[in-house]
2 protein chains.
Amino acid sequence: MNSSLQSLILDRPDLLRSGITSRNELLRELFAVPAIARELLPELKVVSLTVNEVLYEQGDKLEVVYFPLDCVVSGLSIMEDGTTMETSMTGREGLVGVSSLLGSGRSRQWVWVTVGGTAIQVETKFIEKSVLQGEEALKALLKTYRSLIVQLSQRCVCNTRHTIMERLCCWLLMIHDRVGGNNLSLTQEMIASRVGARRAGITVAAGMLQAMKAIAYRRGQLYIQDRPVLERTVCECYNLMRGDYKSPPPDYSAFSL
Amino acid sequence: MNSSLQSLILDRPDLLRSGITSRNELLRELFAVPAIARELLPELKVVSLTVNEVLYEQGDKLEVVYFPLDCVVSGLSIMEDGTTMETSMTGREGLVGVSSLLGSGRSRQWVWVTVGGTAIQVETKFIEKSVLQGEEALKALLKTYRSLIVQLSQRCVCNTRHTIMERLCCWLLMIHDRVGGNNLSLTQEMIASRVGARRAGITVAAGMLQAMKAIAYRRGQLYIQDRPVLERTVCECYNLMRGDYKSPPPDYSAFSL
DNA sequence: AGCTGTCGGTACGATTGCGAACATTTTTGC
DNA sequence: GCAAAAATGTTCGCAATCGTACCGACAGCT
């Protein structure tokens, strides 16, 4: 990173605090190109996203995109009967609102925050500009498209053929990968809407995981107690999806939250 | 279309016969840009794809892509237990092998031909060149990414929450949209592997559709007898996916097959 | 004509998960 | 402190689907 860029960053204590330069993998990749970094940097905004916050409704114009730092955002389909189902999740490995780029610019889904935290918000037009500027940004963004496609395909398979128990493990591991910590604020109701099952179904499966000492659960607080147990219980789907965003093990010791 | 382009096409009776200039919607869009048309035209190859032909295996390098004209190609996941499931299908509205563009260039899935027919084959590198050349090609291709994402999301929901009957209707309508005709060569075994159900389950559902006079079935030959009945029986998913590739009603009268 | 493999129809028990309750406990708001 | 709301635990009957198997019909081949 050259010195003019360095000074630009030093002017933004908010960004420094958020750990922007390394916590979102896609953003880090974009910033590896100095020209893009210089152009995007002044446009970044650190925002705090809270659980159940709605980022886009179906049909909304996508005017901003988000690079999650430690939050997880879900793409939800809401069916005619009112039940909701998560089809994808995005965390620090990707970008929320990719669909906005160079297209109709309207959301096809509801996009809700599943795990609250911090994200970098940028107006879509600035990202678009980077994409058209050079091959690097385009490649990085196409990679997130592909990542999304892999996730969607596998979840399609998983939801059709695997048990609630397996799907729950899968989902928990995916969340765990995206959040830096073992404590998760998640109600069973919420998990149910994400995994695509009844709340009562989650209660039973989560109960078994508790009995196996894999997780501990208490009123909206879920603690990942023994991840290896989850990894042994999960179906093949997890590893296939994981392979696509394989990231270095989270290490946040460098950041003061 | 300017005259030099015209003469280029006239030099290729094979392409003319295949109806290339209008039968694949994405290709038509790309050809609207004269520069791209001029560059791609000499590289196009008309190929005939037969049922169950494997276009890519998982891990294959994607060296060619296909623009289906009247065939349908499926992206399949093969699970550890050997069962297969379709997660996406592509016909004349799109491009097979999009994932190849500007990325690892390796397939993440098995890609099989579900309905045989004709397609235009192009080496990946030529398409890549077009994409990097101007915004139009990029936009057109990103649109197919989005289309794929919409299909995958909706199938994710559909497979999880809807009955085999609804899913079967959905799948048949999607195939029907992509093929110019009411006669389909499809065994129940094959449909089962696409819809993600047992063969016996398909027999029952297809039996009901026969009783409703929606389809007629005889040893690997399926005839769409009354499409409106299918449309009344299908779940909301079909229309949501359909909305994304809404194309003019197929009219092949202009082509001699 | 006879053999063989494919395809479709059918059956049956087992299982999973659903829909809809209701009970209990904890948190929250007043 | 108390009522209301939220979160979890539990139950029951039922529908959908699975796994598996068997049978008959048909098509292609010799």
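**Helix 7 of chain A**

I began with helix 7 of chain A, residues 135-161, whose 27 residues reach 39 Å from the first C-alpha to the last, close to the 39 Å expected at 1.5 Å a residue; the expected span is 1.5 Å times one less than the number of residues. I then looked up the burial of helix 7 of chain A and found it mostly covered, with 22 of its 27 residues buried. I count a residue as buried if 20 or more other C-beta atoms lie within 10 Å of its own, as exposed if 12 or fewer do, and as partly exposed in between, with C-beta atoms placed from the backbone.

**What kind of model this is**

I noted that this is a predicted model, in which local features need pLDDT of at least 70 and side-chain atom pairs count only at pLDDT 80 or more, while totals for chains, interfaces and linings use all residues. Residues are numbered from 1 along each chain as its sequence is written, and chains are lettered from A and ligands numbered from 1 in the order in which they are written.

The pLDDT is the predictor's confidence in each residue, from 0 to 100, and for chain A I found a mean of 87, with 89% of the residues at 70 or more. Over residues 248-257 of chain A the pLDDT is below 50, and beyond near neighbours in sequence this stretch has three contacts in the model; a contact here requires two C-beta atoms, placed from the backbone, to lie within 7 Å.

**Chain A overall**

I recorded 12 helices and 10 strands for chain A, and buried residues make up 47% of its 257 residues. Of the contacts in chain A with a separation of 6 or more, 76% are between residues 24 or more positions apart.

**Strand 6 of chain A and Trp110(A)**

Strand 6 of chain A, residues 110-115, has five of its six residues buried, so it is largely enclosed by the rest of the structure. I looked for its partners, taking two strands as paired if DSSP finds at least two bridges between them. Strand 2 of chain A pairs with strand 6 in the antiparallel sense over two bridges, and Val54(A) has Trp112(A) as its bridge partner in strand 6. Strand 4 of chain A, residues 72-78, also runs antiparallel to strand 6, over five bridges, with Val111(A) in strand 6 as the bridge partner of Gly75(A).

Trp110(A) lies in strand 6 of chain A, and I found that it is partly exposed, because 19 other C-beta atoms lie within 10 Å. Not counting residues up to four places away in sequence, Trp110(A) touches Val54(A), Glu57(A), Gln58(A), Leu76(A) and Ile78(A).

**Positive phi in two loops**

I checked the backbone next, since most residues other than glycine have a negative phi. Asn52(A) has a positive phi of about 70° although it is not a glycine, and it is found in the loop between strand 1 (45-49) and strand 2 (54-56) of chain A. Arg219(A) also has a positive phi, of about 40°, and sits in the loop between strand 9 (215-218) and strand 10 (221-224) of chain A. Asn52(A) is exposed, with 10 other C-beta atoms within 10 Å, and Arg219(A) counts as exposed with 7 such neighbours.

**Where chains A and B meet**

The contact takes 33 residues from chain B and 33 residues from chain A. On the side of chain B that touches chain A, helix 7 of chain B gives the most, with 18 residues. By class I noted 14 nonpolar, 10 polar and nine charged residues on that side, where Ala, Val, Leu, Ile, Met, Phe, Trp, Tyr, Cys and Pro count as nonpolar, Asp, Glu, Lys and Arg as charged, and the others, Gly among them, as polar.

**The DNA strands**

I took a residue as near a strand if its C-beta atom, placed from the backbone, lies within 6 Å of it. Of the 18 residues around DNA strand C, Thr163(A), Gly201(A), Thr187(B), Gln188(B) and Ala200(B) come nearest. Helix 10 of chain B gives the largest share of that surface, five residues. Around DNA strand D there are also 18 residues, and those that come nearest are Thr187(A), Gln188(A), Ala200(A), Thr163(B) and Gly201(B). Here the largest share, five residues, comes from helix 10 of chain A.

How values were computed
Helices (H or I, at least four residues) and strands (E, at least two) are DSSP runs, numbered from the N terminus.
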